[in-house]
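Me: I would like to learn how to read a two-chain model. Shall we start with the interface?

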Amino acid sequence: MILSAILAMVAALLATGIVGLVAARSRAATPIVYGACLLVTAAALALALDHLLRAGTGALTATLPLGIPWLGAHFRLDGLSAFFLVVVNLGAAMASLFALGYGRHETAPERVLPFFPLFLAGMNLVVLADDAFVFLLSWEFMSLSSWALVLAHHREEGNTRAALVYIVMASFGTLALLLAFGLLAGPEGSYGFDAMRAHAPTPAVAAVTLGLVLLGAGSKAGIVPLHAWLPLAHPAAPSHVSALMSGVMTKVAVYAFIRVVFDLLGPPVWWWSVVVLVLAGITCVMGVLYALMQHDLKRLLAYHTVENIGIIFVGLGLALAFRANGIAWAAALAMTAALFHVFNHSLFKSLLFFGSGAVLTATGERDMEHLGGLIHRMPRTAFAFLIGSAAISALPPLNGFVSEWLTFQSVLVSPTLPQWGLKFLVPAVGALLALSAALAAACFVKAFGVTFLGRPRSAQAASAHEVDGASVAAMLALAMLCLLAGIFPGVVIDALAAPVTAVLGSQMAVQLYMPWLTLVPLGEGRSSYNGLMVFLFIAVSALGAAAVIHRLASHALRRAPAWDCGFPEPSPATQYTAGSFAQPFRRVFGTKLFAASERVTMPAPGDLGPARIEISVRDLIWDWMYAPIASAVLRIADLLNPLQFQTVRRYLSLVFGALVVLLLVLALWP
Amino acid sequence: MALILDIAIQGAQMAVVLALAPLLTGIVRKVKARLLRRRGPSIVQPYRDLLRLLKKEAIVADTASWLFRVAPYMVFACTWVAAALVPSFASGLIFSWSADLIAIVALIGTARFMLALAGLDVGTSFGGIGSSREVLFASLAEPAMIMIVFTLSLLAGSTQLSSVIGYMLAGEVGLRVSLGLALVALILVSIAENARIPVDNPATHLELTMVHEAMVLEYSGRHLAMIELAASLKLLLYLSLIAAIFAPWGMASAGSGPADYAIGAAAYLAKLTVGGLLLAVFETSIAKMRVFRVPEFLGAALMLGLLGTVLLFVSRSL
């Protein structure tokens with residue numbers, strides 16, 4: 001019943017896409033399409049939430065007479081898909097709400113409106129799919145519709161290149177997943193997930209499948225070194241789509257990983273977790289360091305998604321390690337941490353992308369070096385962005401801290417693992433995780449501080465205006481959810497029991513009945529955290545201190561020019577910029593990792609020209625991995641190019657030759 | 001009745017850390033002055049400074065936003081809550097479960113996040129330089145601190161500070177290499193976190209050498225008082241943390257009698273004084289290092305912490 005209702009919602013989204021296509025040029029199309037998306041995804045959200053909280057682990061299935069004739073399309077709703085449906089539809093509803101206002105400024109609505117609902121439908125379908133055919137079809141549908149959205153502003157510099165890189169990586173990812181499902185289906189070609197679940201593959205096949213899934217889902221999620229497309233494509237799309245791509249679509253990729261590796265692939269082997277953990281640790285630190293080097297606000301956020309994917313995969317890798325060793329309670333803890341972070345990241349990354357979209361609308365700028373002082377002109381956006389920045393930096397009492405805390409707790413129970421490789425690896429990954437959390441705080445001090453604080457660095461920033469009500473409502477709603485999930489984490493953890501049980505068969509202790517709503521993941525006296533208490537303590541002490549001081553001491557306030565050690569310079573160019581803020585990080589971390597270098601050109605004495613500093617930061621993974629592959633492809637294409645200019649005679653002999661070779665191969669095949 | 005008593009003791013703990021924090025700063029300053037053969041201000045001078053600042057009118061730059069005015073209270077509140085969660089004279093207080101060691105570290109992170117933003121708010125070059133360097137130091141000090149927490153909690157089987165102290169008091173610890181590494185790392189982190197020499201100079205008047213002071217350059221009046229108080233509380237927090245973990249002797253535990261609490265309080269005062277003395281001696285005997293040497297300093301702390309953790313991971317199975 002619930003499943004068919006959700007499928008009906010997906011159909012409604014597809015229909016909305018058609019409405020968007022037909023009516024795109026009329027003025028009413030924007031509110032109609034986004035309004036319909038908001039209503040439909042909100043309904044789907046309610047249905048998924050209902051299933052998640054009430055029905056729990058029970059799985060619903062449905063078969064529609066679509067797709068391959070006589071076989072039909074299979075759909076299934078279990079705890080895991082219900083949870084990811086909640087993530088997808090919450091993000092989608094918020095993006096639609098934001099777009100009700102933001103979409104009015106869209107210069108090319110006919111390039112956005114038809115594809116936006118299709119993108120939402122695609123993500124919903126991936127999560128619901130119960131056979132390889134529907135899964136891959138929806139996956140490709142999701143990729144292509146988001147690709148069309150990346151190309152929405154195709155005349156802007158760099159966007160076509162971003163879209164090209166994206167489609168190449170997306171096709172590559174789908175190919176890897178196709179091969180993975182081919183291996184899972186086995187010689188019988190059973191393409192349904194339940195058949196795959198029933199027949200565990202041999203260890204060698206399973207290992208290859210794991211590699212392929214890491215390539216396929218990992219390239220969509222943005223695991224280093226497959227992240228290269230993500231910071232190009234995510235910022236290129238309109239901001240509400242960037243939010244969905246970064247906050248939600250990467251989570252669909254995480255879903256694909258969990259579904260295949262934890263559900264379909266059979267019992268894991270311990271060294272799988274080594275692969276996942278190493279990749280995750282590198283992804284965490286590299287992602288945040290890349291982000292720190294950026295001065296384009298949206299690109300910074302996109303790179304930062306890479307870091308958060310790393311944190312999620314640390315949790316998944318630990319869950320894999322515990323599961324391989326049969327430590328069910330620890331696996332449940334690590335999986336809960338990963339899924340909690342999935343939920344959290346979908347909240348704050350959407351919020352932050354909405355904020356960057358609001359800034360873009362208000363100023364027309366994405367480059368932080370041209371922003372500044374927006375907290376005065378856009379107070380509500382600034383407030384929401386501040387909450388999002390604090391949440392993503394894993395600061396208590398907000399939600400990002402809780403999921404990182406849970407991940408740390410699962411790192412701390414890992415001495416129980418028997419393998420030596422893991423004993424050395426897990427603490428190192430824990431250190432990388434801690435490093436990336438601290439760097440994330442630095443990154444968001446920079447992002448918020450340079451964009452919203454200080455003095456405006458351009459005329460557009462100085463004359464910005466607060467964005468419309470719908471956009472602000474979406475941002476504030478997400479900020480509120482960040483706070484609520486941070487101070488009532490037990491509610492989220494209990495809701496995560498269904499998905500965790502669905503994949504692992506075990507779950508964390510129920511948190512809701514703990515005294516004072518404290519979070520006690522493993523046991524009293526072992527570790528506990530109470531977000532509500534911390535929040536109340538901070539609020540009471542801050543307000544109390546302010547009240548006492550204002551009442552008893554002094555509340556006089558005088559505005560004066562900035563002090564700045566007696567030499568205030570009126571030009572806003574004297575402020576710290578994004579580049580100068582990141583300079584120490586570039587120097588400490590970047591000289592090796594990004595081949596960062598600075599070149600200062602001083603004018604000759606007496607010359608009144610300005611001195612220049614040129615900074616170069618390179619993506620070495622691009623230089624060493626992607627550029628050689630791309631140039632090799634080009635070289636091979638050049639070699640094969642003459643084949644395009646042959647006579648009919650030559651072509652016919654080529655076809656004949658190919659036929660003979662194929663027949664020979666078939667004849668000689670054992 | 002017992003609940004009221006527990007809450008009263010928790011309240012006393014909060015009051016004690018708040019009341020003692022400026023005194024500790026005063027002691028350190030006095031000892032440093034004496035070591036430099038100056039007479040130095042009285043040890044209650046920080047209280048006088050705070051009172052004077054509180055009574056003064058606050059001057060706020062034209063370009064400052066609401067964040068500039070909210071940040072001092074937030075910094076103070078987060079630091080105070082974190083400091084109050086570190087056991088001083090007694091462990092196992094009623095609210096001690098509301099945040100474990102990781103959360104205490106993160107609370108200090110929240111305070112720093114607000115302060116670094118406040119440094120950027122006015123839009124001056126000094127504020128920016130301070131914020132940028134502060135978060136650079138923090139980005140290495142925080143993981144080092146988390147590694148220390150890992151070491152301790154792997155030993156004690158808990159990230160709860162009260163449980164860690166219980167474990168250390170139980171006397172089954174013996175001499176452990178990991179603990180030694182953790183202690184050294186914790187001292188390095190404490191020095192960096194509190195902007196002490198050789199990382200930063202709390203008494204500097206040369207702008208380019210300042211980190212913490214550059215960040216709060218624009219503050220005055222009651223806002224500055226809050227920030228100064230928060231800095232004192234942070235110093236107290238780290239000294240209490242070192243004392244509570246590595247020298248937990250004399251500490252009262254939940255449900256002790258008044259005599260135990262008196263002993264605990266006396267022991268705590270003694271520990272703080274000794275800690276302050278050692279810090280002053282250390283600071284006087286060393287020169288400040290260049291900013292870009294600090295990452296090496298903190299990298300050492302991080303490596304020591306990691307080494308301690310890995311040793312424990314490995315030794316579990318031996």
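Reply: Here 72 residues of chain A are in contact with 76 residues of chain B. Contact means C-beta atoms, placed from the backbone, within 7 Å. The model is predicted: local features need pLDDT of at least 70, side-chain atom pairs count only at pLDDT 80 or more, and totals for chains, interfaces and linings use all residues. Residues are numbered from 1 along each chain as its sequence is written, with chains lettered from A and ligands numbered from 1 in the order in which they are written.

Me: Which element supplies the largest share of the side of chain A that touches chain B?

Reply: H17(A), with 16 residues. Elements are DSSP runs numbered from the N terminus: helices (H or I, at least four residues) and strands (E, at least two). H17 spans 420–452.

Me: How many bridges join S3(A) to S1 of chain B?

Reply: Strands pair if DSSP finds at least two bridges between them. Here there are four, and the strands run parallel. Leu557(A) has Ala58(B) as its bridge partner.

Me: How do I describe two packed helices?

Reply: By the angle between their axes and the distance between the axes. Axes are lines fitted to C-alpha atoms, for helices over the stretch in contact; angles run from 0 to 180 degrees between N-to-C directions. Take H3 (residues 79–102) and H10 (residues 239–264) of chain A: their axes come within 9 Å and cross at roughly 175°. H3(A) and H10(A) are therefore roughly antiparallel, a label for angles over 145 degrees. Among the residues that meet are Phe84(A) and Val88(A) in H3(A), and Leu244(A) and Val252(A) in H10(A).

Methods:
Two residues are in contact if their C-beta atoms, placed from the backbone, lie within 7 Å. Angles under 35 degrees count as roughly parallel, over 145 as roughly antiparallel, 65 to 115 as roughly perpendicular and the rest as oblique.
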